[in-house]
Amino acid sequence: MSETSPIRSPATPRPTSGAPRYAHVIGWGSYAPAQVLTNADLERMVDTSDEWIVSRTGIRERRVAAAHETTASMAAVASLRAIRTAGIEPDDIDVILLATLTPDYWMPSTAALVKEAIGNTRAAAMDVAAACSGFVYGYATGQAYIASGMARNVLVIGAETLTRFLDYSDRNTCILFGDGAGAVVLGAADTPGGGLGIEMTTEPEGAYMIWLPAGGAKRPPSAETIARGEHFVRMEGKETYRFATRTLASTALAAIDRAGLKSSDIDLFIPHQANIRIIEAVAKGLSLPMDRMFVNLDKYGNTSAASVPIALAEAVNQGRVKVGDRIVIVAFGAGFTSGAVAIEWTADPERGRAGDAAVTPADVHVRLPVDWDSVDPIPDALAAVMGRPVAPGVDVPLDDVVPGEPEHARRDRKTEIRV
Ligand code: ACO
């Protein structure tokens with residue numbers, strides 16, 4: 001087997017007898033935490049400048065999860081918004097796939113926590129580990145479940161709390177990443193539409209180009225690994241950049257080709273939001289103008305697996321996607337991995353804004369163990385940023401709500417859903 005092992009899907013999914021054929025996007029939603037980390041804030045932490053960050057990456061600010069927020073809690077808000085947009089109940093979801101490289105715990109899966117937080121009692125829930133390509137890998141997996149007839153509705157989530165895995169003395173990485181979550185509901189249908197062509201690649205020769213050295217079985221966490229900062233994201237920026245510019249266009253083209261389309265048939269590309277220069281290179285590689293590329297990295301930075309679903313939800317809610325449009329979601333990430341799906345959009349875009357408005361962070365709670373006793377999760381370098389009001393009169397709590405029973409958990413041990 002070659003080191004590059006693409007997994008291909010047929011242009012049209014072949015169902016088992018009597019099973020639904022197509023997987024349409026029927027719901028979408030996103031959540032970004034309120035606190036903003038600006039380039040000016042980073043200028044006070046490391047030797048960098050707003051001018052350097054904007055000209056080399058396009059990023060102006062990113063979001064930081066509050067002390068009481070986690071990958072699971074942000075994922076649950078985005079998921080309930082997607083479920084609300086779809087007009088279904090949480091229990092209509094058969095499978096939950098949560099893509100993340102920043103899970104709440106090594107175990108249980110963050111997907112299991114989200115299942116409880118959204119009030120689903122039936123779904124199989126699991127995490128997907130493919131770094132920034134994770135949401136696209138999850139989407140492809142969800143589509144396969146539907147095409148095979150094993151599921152009718154699949155919730156696919158990308159969610160990250162990257163700010164807790166960054167070294168805020170390393171200017172090569174800390175300027176790039178932020179926190180957030182996005183989700184879609186894929187629903188089975190007999191009518192054509194939805195994912196038409198999929199491409200996924202894995203190139204392990206890039207395995208140590210973006211990685212988190214310690215905390216796994218190879219280097220279990222210890223005082224020594226922490227002293228060496230091996231619990232933080234490490235990255236070879238130039239090599240990663242080269243891989244991204246090489247692979248994003250070719251992966252997107254392969255998915256488009258499998259859908260029986262040409263790149264000029266695509267109304268909007270929703271690429272991984274890592275660096276504006278990478279997105280510009282993709283547009284050039286595909287001979288397309290930049291107005292076919294959706295960009296929101298200036299506001300959120302790189303939110304890894306959450307990047308594509310947040311961008312997708314925003315693009316649809318901003319009216320950039322209409323019924324009948326062909327769009328491509330495409331991502332690259334650690335592994336090296338890449339993935340793309342060419343999609344025919346069939347849902348009423350208007351539904352998204354109502355879905356977002358119907359769910360607030362107060363509508364979910366992720367249950368904690370009763371004997372939970374935590375340390376403050378906010379990195380010291382971000383303490384001053386997290387201490388300031390996010391809007392006039394609105395403070396983000398500085399401390400987690402432990403030890404003891406958290407206020408929101410004490411209210412009612414049963415799952416609360418207000419959708
Ligand atoms: N501020 C100021 N100067 C900086 C900064 C900074 N934040 N970071 C690096 N520099 C310096 C370097 O030290 C270097 O200085 P030197 O010439 O004196 O050595 C100079 O700027 C140029 O550095 P480069 O690394 O060549 O800068 P480049 O133009 O390649 O941009 C960047 C760096 C933004 C990291 C780019 O390489 C990139 O975007 N790579 C891809 C990263 C990426 O997308 N990662 C996510 C992968 S997805 C996942 O799975 C997590």
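Just after α4, Gly 119 takes a positive phi of about 80°. Helices and strands here are DSSP runs numbered from the N terminus (H or I of at least four residues for helices, E of at least two for strands). The model is a predicted one, in which local features need pLDDT of at least 70, side-chain atom pairs count only at pLDDT 80 or more, and totals for chains, interfaces and linings use all residues. Residue numbers start from 1 along each chain as its sequence is written.

Helix α4 spans residues 110–117, and because seven of its eight residues are buried, it is largely enclosed by the rest of the structure. A residue is buried if 20 or more other C-beta atoms, placed from the backbone, lie within 10 Å of its own, exposed if 12 or fewer, and partly exposed in between. The buried residues of α4 are Thr 110, Ala 111, Ala 112, Leu 113, Val 114, Lys 115 and Ala 117. Their cover includes α3, β5 (95–99), β6 (124–128) and β7 (153–161).

Helix α3 (residues 71–86) also approaches helix α11 (residues 351–358): their axes come within 8 Å and cross at roughly 135°. The two helices are therefore oblique to each other, a term for angles that are not under 35 degrees (roughly parallel), over 145 (roughly antiparallel) or 65 to 115 (roughly perpendicular). Arg 81, Ala 82, Arg 84 and Thr 85 in α3 meet Arg 351, Gly 352, Gly 355, Asp 356 and Ala 358 in α11, contact being defined by backbone-placed C-beta atoms within 7 Å.

Elsewhere, Thr 202 lies in strand β9 (residues 194–202). Thr 202 is partly exposed, with 19 other C-beta atoms within 10 Å.

How values were computed
Axes fitted to C-alpha atoms, helices over the stretch in contact; angles between N-to-C directions. Contact = placed C-beta atoms within 7 Å.
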